[in-house]
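Please read the numbered points alongside the coordinates.

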Amino acid sequence: MEVEPFRSKTEKPSMDLPHTTTSDATRVLRKRRKRRNICFGAIALLVFIIILIIILAFTVFKAKRPVTTVDSVSLSDLNFSVDLARFRVLLNATLDVDLSIKNPNKVGFKYKDSNAQLNYRGQQIGEAPIPAGKISADQTVPMNLTLTVMADRLIYNSRFFSDVTTGGVLPLYAVTRISGKVNVMNLFKIQVESSTTCDFTVFLSNSSVGDQNCKYKTKF
């Protein structure tokens with residue numbers, strides 16, 4: 001006679017184990033997919049932002065050349081005399097130069113200390129400082145410079161006495177250079193230099209300035 005093994009009534013067959021294992025694996029896969037989708041979304045957003053910044057940097061915020069314009073040159077003070085006995089010319093002169101700097105950029109333009117120079121036949125005879133500053137976006141800043149002629153440098157120029165005694169005309173030219181940086185979206189700093197060269201004539205007979213011709217140049 002066979003004896004059937006005793007089994008508790010409360011004991012149930014372990015039939016749910018495969019189902020539980022499958023559910024856990026599905027949840028793990030879903031979490032992995034969710035994390036992967038989040039990573040892909042973050043990468044796509046980052047790429048979009050980078051492309052947008054590049055587009056703006058080369059279109060709306062593209063660095064443009066600041067323009068320095070000489071509006072007028074005038075004599076504010078002129079005293080001269082000719083001593084033929086001593087073959088000498090005495091000259092004291094002051095030039096007022098009105099110029100303006102235009103910043104066409106959509107961001108500010110910072111420029112460092114610079115200067116304006118006055119020249120006579122290739123020799124520097126005057127200088128005026130231009131202090132450092134900042135020009136806001138789409139702003140034009142006027143400046144007034146006072147250039148005092150260094151008479152001692154003129155006296156020792158071999159052609160000065162001839163210019164004064166024959167026609168009373170002094171050919172001069174002024175050079176202004178302003179250099180600085182344009183900061184595009186705090187990412188790109190672009191070096192810019194704006195220069196202006198103006199040729200003009202000082203007529204000693206009536207203390208006037210004429211024949212003005214200016215050339216402008218800007219480089220990155």
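1. Secondary structure. Helices (H or I, at least four residues) and strands (E, at least two) are DSSP runs, numbered from the N terminus. On that basis the chain holds three helices and ten strands. Their order along the sequence is α-β-β-β-β-β-β-β-α-α-β-β-β.

2. Basis of the values. This is a predicted model, in which local features need pLDDT of at least 70 and side-chain atom pairs count only at pLDDT 80 or more, while totals for chains, interfaces and linings use all residues. Residues are numbered from 1 along each chain as its sequence is written, and side-chain values use heavy atoms, with hydrogens and water left out.

3. Burial. Of the chain's 220 residues, 30% count as buried (buried means under 20% relative accessible area, exposed over 50%, partly exposed in between; 1.4 Å probe, protein chains only).

4. Two residues lie between the strands of the hairpin, and Arg121 in the turn has a positive phi of about 50°.

5. The salt bridge. Which side chain meets that of Arg121 in a salt bridge? The partner is Asp163, at 3.0 Å from N to O. The criterion is a side-chain nitrogen of Lys or Arg within 4 Å of a carboxyl oxygen of Asp or Glu, and by this rule the count comes to one salt bridge. The pair links distant parts of the chain, 42 residues apart: Asp163 belongs to helix 3 (residues 160-166), and Arg121 to the loop between strand 4 and strand 5. Asp163 counts as buried because its relative accessibility is 12%, whereas Arg121, with a relative accessible area of 34%, is partly exposed.

6. Surface charge. Lys110, Lys112, Lys134, Lys181 and Lys189 gather in a patch of positive charge on the surface. Such patches are made of residues with over 30% relative accessible area and no salt bridge, like charges being joined within 9 Å; the place of a Lys charge is taken as NZ. Lys134, one of these residues, lies in strand 6 (residues 133-135) and is exposed, with a relative accessible area of 57%.

7. Ser208 is found in strand 10 (residues 208-219). Ser208 counts as partly exposed, at 23% relative accessibility. The C-alpha atoms of Ser208 and Leu75 are separated by 6.4 Å, although these residues are 133 residues apart along the chain.

Technical notes. Two strands pair if DSSP finds at least two bridges between them. Patches are made of residues with over 30% relative accessible area and no salt bridge: like charges are joined within 9 Å, nonpolar side chains (Val, Leu, Ile, Met, Phe, Trp, Tyr) within 5 Å. Accessible areas come from the Shrake-Rupley method with a 1.4 Å probe; for residues, only the protein chains shown count as cover. Lys and Arg count as positive and Asp and Glu as negative; His and the chain ends are not counted.
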